[in-house]
Amino acid sequence: MSARIEVTPHTALIDVARAIVLSGFSPHAELDVTARQRQHDGSEWESVNRFVADETGTVDLRTAAPVSGDYAASGVQPMGVVWSMRCVKEAPGADSIEPLQVDLEVRDSHGATARASFVQQIQAEGVTRREVHADGVVGTLFIPATPGPHPAVVVLNGSGGGINEPRAALYAAHGVAALALGYFKAPGLPPTISRTPLEYFARALDWLRQTVQPRNGFVAVAGQSRGAELALLLGATYPERVSGVIGYVPSAVLHGTLRAGAADEPPDSVAWTLAGKPLPHVWEDNRHADWSAFRHPPTPGEPLRQAPAFVSALDDSAAVARSRIAVERIAAPILLISGTDDGFWPSSHYAAMIVDDLTRRGFAHSVEHLRYEGAGHSILFPYVPTTLVARPHPVAGVRITAGGTAAANAHANEASWPRVLRFIETASGAA
């Protein structure tokens, strides 16, 4: 029997785990498994892990752990060959909903080789994509292939700006109408986050509700990082428009422009306005804020770990009080997702602040905090490489570490995504 690799399913959504079985090799041979992927931005990724075949010359990655390699310390990981891929050629990040291919190659210690590949889809068959430029609203709308009505969600990026089509497309693959909404650094929008009016999002929420006629009128807002800060702020400002809030690595307080403002603006410039008036943020007149971790790495040449600067700002209780997001005004369930080793800002602490605050106030809706030990700021969806934790900021260009280990980040991705889908299903009245 010749050496071969079987991957099941070959083509499926990116969040579907694959069964990868190596067979036809020499009994008890050492097998080096190399996985490679070229992503949409031109970056190249690779993992190498060594396994030992059983007495039949077989290795099933669902039950076998590598004896050495990129995820050997993590034991059995059916999709470890994917998340442990290291970036061997870096490129500027770029969102795309085009399918990704993972190429596998196996060589054993007796010279036998086998090759195979599998395809990770982001946009499911039958999901429709529509670019949106209506009433000043800019984004991309994804509608599920299944009959409606569907629950709906607005998907917000963080301080990198742009339009998060992959996340929205994946929501639509699971029966949720999703508007990937841009609010800066996208065609037809301002280049920076500076003085972003909340009224823009009210128009977007109204447009989405009128356009898709969601099931039970359900429209959630889901954001990442600054997008999570914004999602909570929108829920508190427009409770009648927001049916649920999902905050990936959120904040409990409002922040200034930080790294997403204009080049000539200080980082404590105003990010959000309402009725033309600036909303107070935690850096404004803060008596204890220490910017050093925000500006300088502890070791020259190392990426910035800026979270300590955000922790220092919380020492000014008056600044925190005037900048806190009034989450008690939200008239809907809330789901918060955080990593305890967040290098950008203290998302686990922020999420705990929100939960404690709402508990004290007797909040009438469900509040859940998914806290992932050892994970960082980049909690996404499952089965993507998680090893590159330091990247240049998309606006400022400064290299910052998001924190977290590759294994912890991979676990957070895999564990949180079904909980998010279940949250929408339950909150929209489908469960």
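This short talk goes through the sheet, the aromatic contacts, the nonpolar cores and some backbone details of one predicted model.

Let me begin with the sheet. Eight strands make up an open sheet of mixed pairing, and their order is S11-S12-S14-S13-S16-S17-S20-S21. At its edges stand strand S11, residues 128-134, and strand S21, residues 367-372, each of which pairs on one side only. From one strand to the next, the twist averages 15°.

Helix H2, residues 165-173, touches S11, S12, strand S13 (152-156), strand S14 (177-181), strand S16 (219-224) and strand S17 (244-248). The direction of H2 makes about 35° with that of S12. Helix H3, residues 199-212, also packs on the sheet, where it touches S11, S12, S13, S14 and S16. For H3, the angle with the direction of S12 is about 30°.

I turn now to the aromatic residues. How many aromatic pairs does a search of the whole structure find? The search finds 13. One of them joins Trp-283 and Phe-310: the ring centres are 5.2 Å apart and the planes stand at 85°, so this pair is edge-to-face. Trp-283 belongs to the loop between strand S19 (277-278) and helix H5 (292-295), while Phe-310 belongs to helix H6 (residues 307-313), so the pair ties together parts that are 27 residues apart in sequence. Are these two residues, Trp-283 and Phe-310, buried or exposed? Both are buried. They are also members of one aromatic cluster, formed by Trp-283, Trp-291, Phe-294, Phe-310, Trp-345 and Tyr-350.

Elsewhere, the charged end of Arg-167 sits over the ring of Tyr-248, at 4.3 Å from its centre.

In soluble globular proteins, nonpolar side chains tend to be buried together. In this model, the largest nonpolar core has 106 residues, and Tyr-171 and Trp-272 are those with the most contacts inside it. Which element gives the most to this core? The answer is H3, with eight residues. Apart from this core lies another, of 31 residues, including Ala-3, Val-7, Leu-31 and Ala-64.

Finally, some backbone details. The peptide bond from Thr-8 to Pro-9 is cis, with omega near -10°, and Pro-9 is found in the loop between strand S1 (4-8) and strand S2 (11-13). The bond from Gly-148 to Pro-149 is cis too, with omega near 0°; Pro-149 has its place in the loop between S12 and S13.

Two residues other than glycine have a positive phi. For Lys-185, in the loop between S14 and strand S15 (196-197), phi is near 55°. For Ala-275, in the loop between strand S18 (272-274) and S19, phi is about 55°. Where do they stand in terms of exposure? With a relative accessible area of 39%, Lys-185 is partly exposed, whereas Ala-275, at 61%, is exposed.

Conventions
Residues numbered from 1 in each chain as written. Predicted model: local features only at pLDDT ≥ 70, side-chain atom pairs only at ≥ 80, totals over all residues. Heavy atoms only, no water. Pairing = 2+ DSSP bridges. Helix = DSSP H or I, 4+ residues; strand = E, 2+ residues; numbered from the N terminus. Axes fitted to C-alpha atoms, helices over the stretch in contact; angles between N-to-C directions. Contact = heavy atoms within 4.5 Å. Phe/Tyr/Trp six-rings, centres within 6.5 Å; stacked < 30°, edge-to-face > 60°. Buried < 20%, exposed > 50% of the residue type's maximum accessible area, 1.4 Å probe, protein only. Lys NZ or Arg CZ within 6 Å of the ring centre and 35° of its normal. Core = buried A, V, L, I, M, F, W, Y, C linked by side-chain atoms within 4.5 Å.
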